[in-house]
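Here is a short briefing on one chain. The overall picture comes first, then a single residue.

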Amino acid sequence: MAGYQTSDEMSGVAGKVTGEAGPIGDEAELISTSHVVASDAGRDFADKGTAYLNAIQHNVVAGVRAFATVTTTVGDRLTDTYQRYSQTEDRSAGTLRSSGAGA
């Protein structure tokens with residue numbers, strides 16, 4: 001059947017979303033290997049440097065990793081959905097073809 005097909009459009013979107021998950025995860029790894037150390041805040045603010053590093057590890061890195069995981073999940077769900085839509089479109093096209101054959 002020619003023309004717009006939902007599964008083709010969704011396939012492209014799913015591929016793009018899934019393709020972003022890896023780079024997002026890579027960013028989390030880069031952030032987690034930051035070369036900043038607590039002493040970079042100076043002697044008078046070393047405790048602030050420690051708090052800063054903890055915030056990076058527990059909040060920023062964790063948040064970016066979670067975003068990468070969710071991006072993977074969304075991509076997987078889009079892939080599953082477009083595959084089901086594609087199967088439905090194929091069945092529906094076959095039904096229309098066979099229905100019209102007897103007319």
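**Chain overview**

Of the contacts in the chain with a separation of 6 or more, 86% join residues 24 or more positions apart; contact means heavy atoms within 4.5 Å. This is a predicted model: local features need pLDDT of at least 70, side-chain atom pairs count only at pLDDT 80 or more, and totals for chains, interfaces and linings use all residues. Residues are numbered from 1 along each chain as its sequence is written, and side-chain values use heavy atoms, with hydrogens and water left out.

**Fold and surface**

- The chain has 2 helices and 0 strands (DSSP runs, H or I of at least four residues for helices, E of at least two for strands, numbered from the N terminus).
- Of its 103 residues, 15% are buried (under 20% relative accessible area, 1.4 Å probe, protein chains only).
- Accessible surface comes to about 7,300 Å² (Shrake-Rupley method, 1.4 Å probe).
- Carbon and sulfur atoms hold 57% of that surface.

**Ser32**

- Ser32 lies in helix H1, which spans residues 6–32.
- Its side chain reaches the backbone oxygen of Glu29 at 2.8 Å.
- Leaving aside residues up to four places away in sequence, Ser32 touches Gln57, Val61 and Arg65.
- His58 is 26 residues from Ser32 in sequence and 9.7 Å away in space, C-alpha to C-alpha.

Terms used. Polar contact = N/O pair within 3.5 Å; in protein donor to acceptor, adjacent residues only side chain to side chain. Buried < 20%, exposed > 50% of the residue type's maximum accessible area, 1.4 Å probe, protein only.
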